[in-house]
Amino acid sequence: MAMIKFADAMSDLPSAVKVLGGTVMAGVVLVAVWRRRPKPKSEKIYPPGTIVIHQLGRGPHVPSLTPFAIKLETYFRMENIPYQVEHNMLRKSKKTGKVPFLQYNGEEVSDSEFILEFLSKEKGFNLHKNLTEEQIGIGRAFQKMAEENTYWCFVADRWVLDKTKTGLKEFNMPRFLWGRFQKKVWVQIRAQGVGRHSPEDIRHIMSEDLKAISYQLGSKKFLFGDNACKFDCAIFGILAEIRWASFGGFGTSVIKQYPNLCDYCERMKETFWPDWEEMIQRDCTK
């Protein structure tokens, strides 16, 4: 109400005064945003050889709002590889502007796949152990479909198409920034290609992708049998977001069309995230 009265009063003032008033108002808004920003943390010093993953933070509903952090952590848990996590909503890779990113012995690596490839050389572990060449080919094809196609359907659903704006609220984003954020995200989605379709078509694309994963999984425990692999970690990262963090979007109802995928998500969670309930809390610092 106060803002409305302020705007009405401004409309009757000379243009020079309007400019000054607008400048003052913008300053007030910027100060408010600045005061709400996360306080910078002092840089921790880790022992040599420590794997440090920088990501957005925990929760809600999933251990991270980016599937690529879930992918990395699930793989480290699967292979019993010790790692540390740093949570910072604003910090991104200096090289690519992406998150999550790795810090290891003073070196920075971004992109979840490059992180795993880098660490496999540094630590000497095999990313594709116990997989045949055929399975590696199939796994990579499904991973790339999920990360380069299904993912963008999910991004459109969560951040732009959801009319309830639940994701934006859960993200604690100031309301006056919603439009700008959604416009920026939509530009990226259109550039990728998915955003050039109607909401109904985007939902259909997601459903067809999940159907393909469902066919590949069948009645197996994991993608290629009784043992999970790197590709399971990548697929689970995407499916976990759709299953539990679509908020008010269509993703939850789409994945429920494929009961074996829902069971698969529960199985991955129970197998590699026994501390799931703790890790989905916003105040979790682990």
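How close do the axes of helix 3 and helix 4 come, and at what angle do they cross? The axes of helix 3 and helix 4 (residues 112-123) come within 9 Å and cross at roughly 25 degrees.

Before we go on, a word about the model. It is a predicted one, where local features need pLDDT of at least 70, side-chain atom pairs count only at pLDDT 80 or more, and totals for chains, interfaces and linings use all residues. Residues are numbered from 1 along each chain as its sequence is written, and side-chain values use heavy atoms, with hydrogens and water left out. Helices (H or I, at least four residues) and strands (E, at least two) are DSSP runs, numbered from the N terminus. Axes are lines fitted to C-alpha atoms, for helices over the stretch in contact, and their angles run from 0 to 180 degrees between N-to-C directions.

**Helix 3 and its partners**

Back to the opening pair: the axes of helix 3 and helix 4 cross at roughly 25 degrees. That makes helix 3 roughly parallel to helix 4; angles under 35 degrees count as roughly parallel, over 145 as roughly antiparallel, 65 to 115 as roughly perpendicular and the rest as oblique. The crossing of helix 3 and helix 4 is right-handed (left-handed if the near helix is turned anticlockwise from the far one by less than a right angle, right-handed if clockwise). On the helix 3 side, the contact (heavy atoms within 4.5 Å) includes F68 and L72, while helix 4 brings I115 and L116, among others.

Helix 3 (residues 67-78) also meets helix 9 (residues 230-244), with axes that come within 8 Å and cross at roughly 140 degrees. That makes helix 3 oblique to helix 9. Among the residues making this contact are I70 and T74 of helix 3 and F236 and G237 of helix 9.

**Helix 5, with a bend**

Helix 5 (residues 133-161) has 29 residues, so at 1.5 Å a residue it should span 42 Å; its end C-alpha atoms are 39 Å apart, which agrees. The expected span is 1.5 Å times one less than the number of residues. Helix 5 bends by about 35 degrees at T150 (the angle between axes fitted to the seven residues ending there and the seven starting there). T150 also takes part in the contact of helix 5 with helix 8. The axes of helix 5 and helix 8 (residues 199-217) come within 10 Å and cross at roughly 145 degrees, and this crossing is left-handed.

**Who makes the contacts?**

For the table, Ala, Val, Leu, Ile, Met, Phe, Trp, Tyr, Cys and Pro count as nonpolar, Asp, Glu, Lys and Arg as charged, and the others, Gly among them, as polar.

| Contact | Residues by class |
|---|---|
| Helix 3 with helix 4 | 7 nonpolar, 1 polar, 2 charged |
| Helix 3 with helix 9 | 9 nonpolar, 2 polar, 3 charged |
| Helix 5 with helix 8 | 14 nonpolar, 3 polar, 1 charged |

A cis peptide bond joins G59 and P60, with omega about -5 degrees. P60 lies in the loop between strand 1 (52-55) and helix 3. H61 is found in the loop between strand 1 and helix 3, and has a positive phi of about 80 degrees although it is not a glycine. Another cis peptide bond joins V99 and P100, with omega about 5 degrees; P100 sits in the loop between strand 2 (84-87) and strand 3 (101-104).
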